[in-house]
Amino acid sequence: MRPSDALELEYRRTMTPMIRAMAREIHTDVMAVYRPWLKMQRAQVTGDAGIVSLLMRVFGDLETKWSVRAGKHAETTAPSFVEKVDNAVDFSFTRLVRSIGVEEDDLPQRPKRLAGKDHETALDAAVAENVGLIKSIPQEYLDQVQRDVLQAVQDGWPLDRLSESLQHRYGITKRRAELIARDQCAKITGNMNAKRMSSAGFVEADWWHSAGSRYPRKSHMAANGRRFKISDGCLIDDEHILPGQKINCKCFMTPVIPGR
């Protein structure tokens with residue numbers, strides 16, 4: 001029951017247009033203020049001493065606009081994404097138990113579609129975390145850009161250097177959005193897997209390391225095949241965790257059939 005690459009990709013694609021549009025507007029609005037100021041500086045023309053005030057006004061307007069847009073995007077994207085991951089886990093659980101040679105009648109107890117307050121609380125928590133992460137994107141992005149632009153004013157950066165800096169910050173933000181998609185898909189999958197297994201009466205599971213990361217954690221590799229109580233999580237690096245709980249973790253678990 002691994003995290004779904006398809007859902008991760010879908011989630012990333014929902015955020016990419018917003019980030020791209022934000023980057024374009026940041027570049028346009030910043031350059032509209034910085035370009036004429038730099039021209040005046042090079043011509044040694046006095047005046048326009050309020051460049052910092054103008055830029056801060058630009059950043060304030062951008063933050064207000066994109067915080068609202070990111071909030072609206074989060075409120076529609078996050079619930080849909082969490083529901084899709086939950087449904088994928090539900091479907092994959094049935095396939096998993098069959099793949100390890102277990103029929104429904106042989107399970108410790110008959111599995112059921114999770115419902116009730118505990119399940120609803122888990123989904124609500126996942127949605128809230130997603131919403132918070134999506135909303136944080138414009139703030140973090142604009143904070144980074146603002147630092148660079150103010151440094152450009154102090155040092156008199158040429159236009160091409162500032163443009164490269166803005167492009168660099170866009171790349172960082174885009175990669176952060178990709179990390180959010182990957183991390184959230186894995187984390188929700190791990191949590192809901194544990195709940196599915198527990199609902200079917202499984203008590204223990206085996207941890208399996210995934211080779212999907214360029215920089216795998218040695219401790220996760222060492223835990224490959226380790227058995228643990230689902231309710232506790234697997235003891236790794238002095239803490240009990242579930243697969244997908246740590247950033248960039250794509251490990252997974254399989255339930256242990258009693259008596260096997």
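**Reading a pocket, a sheet and a buried residue**

By class, five nonpolar, two polar and four charged residues make up the lining of the second largest pocket in this predicted model.

Colleague: How is empty space located in a set of atoms?

Modeller: A probe the size of a water molecule is rolled over the atoms, and this shows where empty space is left. Here, the second largest pocket has a volume of about 210 Å³.

Colleague: Which elements give two or more residues to the lining of that second largest pocket?

Modeller: They are α3 (117-155) and α4 (159-199). The largest share, six residues, comes from α4. Among the lining residues are D118, E129, K187 and K195, together with A122, I188 and M192.

Colleague: Turning to the sheet, in what order do the strands lie?

Modeller: Three strands form an open sheet ordered β2-β1-β5, with antiparallel pairing. Since β2 (227-229) and β5 (252-255) stand at the edges, each with a single partner strand, one side of each has no neighbour in the sheet. From one strand to the next, the twist averages 40°.

Colleague: How many bridges join β1 to β5, and which helix packs on the sheet?

Modeller: Four bridges join β1 (residues 204-208) to β5; A205 has P255 in β5 as its bridge partner. Helix α4 packs on the sheet and touches β1 and β5, its direction making about 5° with that of β5.

Colleague: Is E8 buried or exposed?

Modeller: Buried means under 20% relative accessible area. E8 has 7% relative accessibility and therefore counts as buried. E8 lies in helix α1 (residues 5-42). Leaving aside neighbours within four places in sequence, E8 is in contact with A181, R182, C185 and K250.

Conventions
Residues are numbered from 1 along each chain as its sequence is written. This is a predicted model: local features need pLDDT of at least 70, side-chain atom pairs count only at pLDDT 80 or more; totals for chains, interfaces and linings use all residues. Side-chain values use heavy atoms; hydrogens and water are left out. Buried means under 20% relative accessible area, exposed over 50%, partly exposed in between (1.4 Å probe, protein chains only). Contact means heavy atoms within 4.5 Å. On a 1 Å grid over the protein atoms alone, a cavity is a set of points where a 1.4 Å probe fits but cannot get out, and a pocket is an open set with protein on both sides within 12 Å along at least five of seven lines; lining residues have an atom within 4 Å of a point. Grid points are joined across faces, edges and corners, and a volume is the space filled by probe spheres set on the points. Ala, Val, Leu, Ile, Met, Phe, Trp, Tyr, Cys and Pro count as nonpolar, Asp, Glu, Lys and Arg as charged, and the others, Gly among them, as polar. Two strands pair if DSSP finds at least two bridges between them. Axes are lines fitted to C-alpha atoms, for helices over the stretch in contact, and angles run from 0 to 180 degrees between N-to-C directions.
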